[in-house]
Amino acid sequence: KDRITMVDNNDDVNKVNEEEEKQDDTSNVEDVVDPYKSSSFIGFSLWMCPSSGSIADVIYTRLIEKMSNEYDTFCYVPHITLVAGMLTSREDVIDRTKILASKLKPYQYELMDDKSDNGGSDDRIGYRDAYFQCIYAKLKCTQQVLEANS
């Protein structure tokens, strides 16, 4: 089974800030509006991670390692972000997560289809100009996903 992981971005900030010290400060007003564009983002996130050693874990971990080596960036755990940017205490996050888990039914998720009619580009992968969301897999917006997000 997949597992839910609480990520404390507050702990990761120090590692990220060490990397940033090597680069010029390029923060701007957009960083305030979109915290995912800043590597100094703090807060909590809930991730759904593949079970350790599962086929999904092995495949996605290898892909992430390959891409981070190729683009000289940090590695991260394969995951689906369930909730991000919670700027509250650890205890409050845990309490809210317990409530959410008691109300949310298990559901399946699916990756987008391989190709679309837009010139053969891969619709499974998205990217944007954001430190914490520079590349990501796109999931289908199924009825189960919609219900879980309501």
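**Close-up 1. Glu110 and its salt-bridge partner, Lys140**. Glu110 is partly exposed in this predicted model. Its relative accessible area is 40%. The Glu110 side chain forms a salt bridge with the side chain of Lys140, at 3.5 Å from N to O. Glu110 sits in the loop between α4 and β4 (125-127), and Lys140 in the loop between β5 (135-137) and α5 (143-148), so the pair ties together parts that are 30 residues apart in sequence. Lys140 is also partly exposed, with a relative accessible area of 25%.

Close-up 2. Side chains of opposite charge can pair when their charged atoms come close. Is Arg96 buried or exposed? Arg96 is exposed, because its relative accessible area of 52% is over the 50% cut-off. Asp92 has a relative accessible area of 22%, so Asp92 counts as partly exposed. How many salt bridges does a search of the whole structure find? The search finds two.

**Close-up 3. Leu104 in the loop between α4 and β4**. Leu104 has a relative accessibility of 34%, so this residue counts as partly exposed. How far apart in space are Leu104 and Asn149? They are 9.3 Å apart, C-alpha to C-alpha. In sequence, 45 residues separate Leu104 and Asn149.

Notes
Residues are numbered from 1 along each chain as its sequence is written. This is a predicted model: local features need pLDDT of at least 70, side-chain atom pairs count only at pLDDT 80 or more; totals for chains, interfaces and linings use all residues. Side-chain values use heavy atoms; hydrogens and water are left out. A salt bridge is a side-chain nitrogen of Lys or Arg within 4 Å of a carboxyl oxygen of Asp or Glu. Buried means under 20% relative accessible area, exposed over 50%, partly exposed in between (1.4 Å probe, protein chains only). Helices (H or I, at least four residues) and strands (E, at least two) are DSSP runs, numbered from the N terminus.
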